[in-house]
Amino acid sequence: MVRGNRTWDESDVRIRPNKRGSRPRTKERPAHEDAVIGRIITVDRGRYTAVVDEDTARERVVVAARARELRRSPVVAGDFVALVGDITGEPDTLARLVRIEERRTLLRRSADDTDPVERVVVANADQLVIVVAAANPEPRTGFIDRALVAAYDAGISPLLCVTKADVKDPEELLSNYRHLDLPVIVSRTAGTEGSGVDARSADGLSARLDRDAVAALRGYLDGMVSVMLGHSGVGKSTMVNALTGAERATGGVNAVTGRGRHTSSSALALKLADAPAGSWIIDTPGIRSFGLAHVDPDRIISAFPDLEPGTADCERGCKHDDHAVNCGVDAWVASGQAGESGPARLASLRRLLGTEERAQAKELGFQ
Ligand SMILES: Nc1nc2c(ncn2[C@@H]2O[C@H](COP(=O)(O)OP(=O)(O)OP(=O)(O)O)[C@@H](O)[C@H]2O)c(=O)[nH]1
Ligand SMILES: [Zn+2]
């Protein structure tokens with residue numbers, strides 16, 4: 001095997017990897033032309049686990065450390081990276097991660113709305129599955145709305161998955177989203193033994209999820225990279241296990257990474273069971289807050305397509321926030337065109353739009 005000893009170079013051409021993550025072909029050879037491209041499945045204490053030669057007989061998992069030049073660049077689950085050095089994937093070997101390939105999408109958040117530090121959640125996701133429980137923990141529309149803003153901003157399609165419908169009827173929660181073009185999946189534990197899929201969660205407890213509910217979410221995932229996002233305890237891992245059949249996987253990535261060893265403290269990408277190549281689901285650790293400091297306030301309104309038509313009647317430069325005078329959105333909601341949930345949705349929009357104000361106040365030392 002040829003070893004890459006050339007250093008990484010800023011002028012490296014960035015090539016969009018193809019779905020299978022195979023080596024890019026181009027006339028302008030980047031540095032490290034012997035590199036292989038891998039898909040990052042998890043990151044843990046400076047160790048980057050990638051799958052290479054995906055969906056071929058040589059598919060394997062390679063653990064790598066970041067080259068010094070990349071020390072400041074975040075590398076996250078879903079990233080495609082160039083790997084050199086020992087890429088055999090044998091036990092106790094360590095490859096070198098020398099380049100991050102161009103990202104199709106990037107899901108970001110900040111700790112809160114005033115925190116300028118951007119945290120990269122996952123790369124190259126096609127879909128964001130926003131997971132909330134009907135109860136225990138209580139669902140928060142604010143979280144859903146924030147996740148929707150982040151998804152639209154990143155160019156990722158959102159889906160809403162409500163778990164634990166066996167505990168509480170989610171109807172009231174869902175009424176807020178009926179006017180959106182947002183796919184909704186309602187999940188619950190199985191009523192009878194035969195109608196369930198056994199799914200263990202990270203806490204070791206087992207839930208039997210309703211087979212139809214799992215199938216309903218499964219129906220959206222073919223050929224896509226989907227990321228599960230939600231507060232701790234809503235049932236993300238349970239659903240992911242039901243979808244990936246962690247126990248059933250043989251030889252592939254799931255068996256190698258060993259779902260059981262994975263702590264829920266970092267994101268983990270898993271191949272979907274019985275699915276076309278390129279179908280992945282990324283489980284993320286439960287998050288407490290989803291700050292939107294990185295999103296331009298002017299773009300927040302586009303995450304509210306049920307309210308946005310009202311802006312046609314706004315005065316130029318209207319910010320549609322609490323201070324807006326003659327904001328068209330008020331009239332739109334008052335006329336009932338945003339449906340019964342209009343007032344609640346407008347309140348949610350205004351809470352998000354108020355965050356800029358909060359950021360300024362913080363800067364000025366008022367908070
Ligand atoms: N009643 C009921 N319990 C569920 C359902 N789905 C998951 N659970 C239970 O909820 C608890 C939390 O599930 P997890 O899958 O660990 O939640 P998580 O979202 O992955 O949590 P973090 O890893 O902390 O982010 C477990 O005890 C599950 O068995 C459901 O539909 N109904
Ligand atoms: Zn307005």
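This is a predicted model: local features need pLDDT of at least 70, side-chain atom pairs count only at pLDDT 80 or more; totals for chains, interfaces and linings use all residues.
Next, display the whole of both helices, α3 as residues 211-218 and α4 as residues 236-244. Their axes come within 10 Å and cross at roughly 80°. Angles of 65 to 115 degrees count as roughly perpendicular, and α3 is therefore roughly perpendicular to α4.

Now move to the loop between β8 (127-133) and α1 (141-154), and select Pro137 there. Show the backbone from Asn136 to Pro137: the peptide bond that joins them is cis, with omega near 0°.

Select Asp55, which lies in the loop between β2 (47-52) and β3 (60-66). Asp55 is not a glycine, yet its phi is positive, near 60°. Is Asp55 buried, exposed or partly exposed? Asp55 counts as partly exposed because it has 15 C-beta neighbours inside 10 Å.

Finally, select Asn124 in the loop between β7 (118-123) and β8. Asn124, again a residue other than glycine, has a positive phi of about 60°. How many other C-beta atoms lie within 10 Å of Asn124? There are 26, so Asn124 is buried; the cut-off for this class is 20 or more.

Key:
Residues are numbered from 1 along each chain as its sequence is written. Chains are lettered from A and ligands numbered from 1 in the order in which they are written. Axes are lines fitted to C-alpha atoms, for helices over the stretch in contact, and angles run from 0 to 180 degrees between N-to-C directions. Helices (H or I, at least four residues) and strands (E, at least two) are DSSP runs, numbered from the N terminus. Angles under 35 degrees count as roughly parallel, over 145 as roughly antiparallel, 65 to 115 as roughly perpendicular and the rest as oblique. A residue is buried if 20 or more other C-beta atoms lie within 10 Å of its own, exposed if 12 or fewer, and partly exposed in between; C-beta atoms are placed from the backbone.
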